[in-house]
Amino acid sequence: FERQFMPGVHYAPVDTVAEIPAAIRRLREDDAFARQLALAGQQRMAQMDVEEVTHYCYQMLKGYAAMQRFKPKRDPRSFEVNCEDDLIRRYSRMAVGGSGAVDLESRYLTENN
């Protein structure tokens with residue numbers, strides 16, 4: 001995935017976080033170049049299929065997980081989502097009672113798990 005994007009053609013490259021402000025300044029100073037980069041990146045993304053993007057995301061998250069040096073702690077306000085239905089039910093309950101509440105369950109659920 002990353003190999004299919006070329007620095008200076010599809011994106012503005014930086015080596016460190018400290019270089020980001022300078023890269024942004026360069027892009028703001030040369031609007032035509034910034035637009036050219038953005039368009040080339042968008043066109044390249046449009047050519048890619050879902051499997052390529054999914055594989056990239058998997059590899060990226062796996063790589064970050066290997067570098068992780070701490071054990072994540074669950075936020076007490078979080079909730080477990082086992083499937084799309086659970087997510088829809090959760091947000092459907094949150095919307096009830098508010099003005100303009102949307103009944104997500106009747107709109108999106110096709111069967112009960």
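**Terms and their grounds**

Author: D75 has a relative accessibility of 31% and counts as partly exposed, because that term covers values between buried (under 20% relative accessible area) and exposed (over 50%), with a 1.4 Å probe and protein chains only. This is a predicted model, in which local features need pLDDT of at least 70 and side-chain atom pairs count only at pLDDT 80 or more, while totals for chains, interfaces and linings use all residues. Residues are numbered from 1 along each chain as its sequence is written, and side-chain values use heavy atoms, with hydrogens and water left out.

Reader: What makes the pair R77 and D75 a salt bridge?

Author: A salt bridge requires a side-chain nitrogen of Lys or Arg within 4 Å of a carboxyl oxygen of Asp or Glu. The N to O distance between R77 and D75 is 2.6 Å, so the pair qualifies. R77 itself counts as exposed, because its relative accessibility is 69%.

Reader: How many salt bridges does a search of the whole structure find?

Author: The search finds two. In the other one, the side chains of R35 and D31 meet at 2.8 Å, N to O. These residues are four apart in helix α2 (residues 31–47), and are therefore separated by about one helical turn. A helix here is a DSSP run of H or I of at least four residues, numbered from the N terminus.

Reader: Why is R35 called exposed, and what does D31 count as?

Author: R35 is called exposed because its relative accessibility is 58%. D31, at 44%, counts as partly exposed.

Terms used. Helices (H or I, at least four residues) and strands (E, at least two) are DSSP runs, numbered from the N terminus.
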